[in-house]
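Have the sequence and the 3D view ready.

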Amino acid sequence: MKKLILALSIISIAFGCNTANKKETVTIKGSDTVLPLTQKEMEAYQKKHSEAAISVTGGGSGVGIAALLSGTTDIAQSSRKIKFDEKLKLEESGKEVHEVLIAYDALSIVVHPDNQVSRLTREQLEDIFTGKITNWKEVGGEDLKIIPYARETSSGTYEFFKESVLKDKNYMNGILSMPATGGIIQSISQTKGAIGYVGFAYVNNKVKDIHVSYDNGKTYIEPTVENVKNESYPIVRPLFYYYTNLHETGKSFIDFILSSEGQKVVSKVGYITLNK
Amino acid sequence: MKKFIDKLIEGLLKLSGTVTGITVLLIIVFLFKEGSGLFQSSTVEKGYTLLVNSENPIDKLSPEELKHIFDGKIENWKQVGGRDEAIRIFRFDEIFSIYTDDELGEDYDLIPEKLGEVIHTNPGIIAYIPQKYAAKNSRGIKELIQEKIGLSDYFLGEEWLPTATPAPLFGILPLLFGTLLVSFIAILIAIPLGVGVAIYLAEIANERIRKLLKPAIELLAGIPSVVYGFFGLVVLAPIVQKTGNLDLGETAFTGSLILAIMALPTIISIAEDALRTTPKAMRDASLALGANKWQTIYKVVIPFASSGIAAAVVLGVGRAIGETMAVLMVTGNAAVIPHSMFESVRTIPATIAAELGEAPSGGTHYQALFLLGAVLFIITLTISIVAEIISSRKMIKE
């Protein structure tokens, strides 16, 4: 009987806390790319506003926007622009979507460190990922089969790469795909003919980044912080927050991210600030 | 009072049985309900439409033809049965580079009109634009007939490109073959190993070794599948790549190895329990007739335990087919129909796990994934029914 009372009191305390907190909790859901940024922003924000309750979860850009539609999240974080039919659906249900650009992310093209090739043009990248070029010797490397790795078909990164580098063409049939950026790095570091793309912040010494040219080989740009900031590196994508209606805490959190203090966090996490 | 408690417990047990049954039924109904909507959807992405010049004799295009056109592999209308004319692809965004925002009017009111102009003046054009902005009934424009996704597109399609625009391809054959191949090889590895270890533990090993080994093997079942997946990716994949001298280590075979390791504890544990339930009297009788230890195992113990061993195998197969995370990490996930076990494959559970998170809820991709779940359910159901038949048939023979 004593145990029962104890259990009941624990449950009631737990529920009590829940209802007390519910008032001003901001929930943020969506892209796994934006997730680490939002978490760090939240920590920084809560240092100043200890009373603010913010909960952040990942799951993917699509999940975040779907949750916005069903009203289970306040803010959807997304690594791609909202799709036309998603926007249409939100508008149909009487909700007006607001879009906030919070940061940029650059994509690096990476290969195995032993690969002799260190620069490629956009056209060559397109041909590699659509399956027209299949051997490294066609782009100045050794006689080795090219093994392209992509992200999963519906991740925001996959879509962005398709838009920016493949010019909306489809990836080759049966491209290898990995569920996470870590998997791509791991696979590329142990497969000699591999090539793939990862978020700029993820590149480490297990892989080599490729200098990219978007002007038919006139200039090749290395993905470095300076080159991204001075806008010479071409493969950069925006990261968004979407919301329909937001109470005070949410608004002040977004304002914080856009402030110079919040943008400092952006560059600390490895993304690129808005005022490039 | 005691009677009342008995009644209460009986009622509770009944209730929990009913609740479980209803839950299972609800899940199945949900799966099929969400999935079946796919065949009511049109092949072109929702909210969009395809327009051509009205002088173009083509009325409709298949999803494959559309994919090749938008990939630039088909460049002339002749190749899809039309006139000898170059295809000009027009995507919605291009309208903003042809006209300024002012020309498109307030709130983009004039977009349909301007789009009409563009299409009318380009006889070889194919325009992929939101339905909202499609100028209907205007001169010089024809909308391509939108067909519904057919059963054969899904069940016999050979390409899985769920986010291709304008027409996604949902052919499940590569995924189905990938799943079956990985599970089949895993079972080929796991059954002899598992049953062998079970026999060793039950009949040959002495008590001390058995007491040490069995908990250790059962501990394997408690390791999270992500850990297995990571082990496979970092340790097994490079080994497979080096020993086979392959281009890459993420192959169907690597996935099978991991699955076999994961299915082993289930198979060993259940098969060993079954072997040990053979009555001592039967063993003694066999030995008394002059059979040696091996003959007793082979002729008496294994036949007696065969239905239990079959159950162990089925549970192992079930684990292999439904396993998601480990396979997702080591098979490379390339959606092509595999020709050998040293190619990368994409399995059904891995596809669902990887894609459902980002698929717009309620869209065709979402429905296609639910239907994949239903297909997986039917596969495992068939396997259990077959196993049930096999084991009951053996019982009758005895």
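Are A:Tyr158 and A:Tyr171 buried or exposed? Both are buried (under 20% relative accessible area with a 1.4 Å probe and protein chains only; exposed is over 50%, partly exposed in between).

## Ground rules

This is a predicted model, where local features need pLDDT of at least 70, side-chain atom pairs count only at pLDDT 80 or more, and totals for chains, interfaces and linings use all residues. Residues are numbered from 1 along each chain as its sequence is written, chains are lettered from A and ligands numbered from 1 in the order in which they are written, and side-chain values use heavy atoms, leaving out hydrogens and water.

## Ring pairs

Searching the whole structure turns up 20 aromatic pairs over all chains (rings of Phe, Tyr and Trp, its six-membered ring, with centres within 6.5 Å; planes under 30 degrees apart are stacked, over 60 edge-to-face, the rest tilted). One of them is A:Tyr158 with A:Tyr171, stacked at 4.3 Å centre to centre with 20 degrees between the planes. These two also belong to one aromatic cluster with A:Phe129, A:Phe161 and A:Tyr197.

Over in chain B, B:Trp294 and B:Tyr298 are stacked too, with 5.9 Å between centres and 20 degrees between planes. B:Trp294 and B:Tyr298 are both exposed.

## Chain A as a whole

Buried residues make up 52% of the 276 residues in chain A. The C-alpha atoms of chain A fill a box of roughly 75 × 45 × 40 Å along the principal axes.
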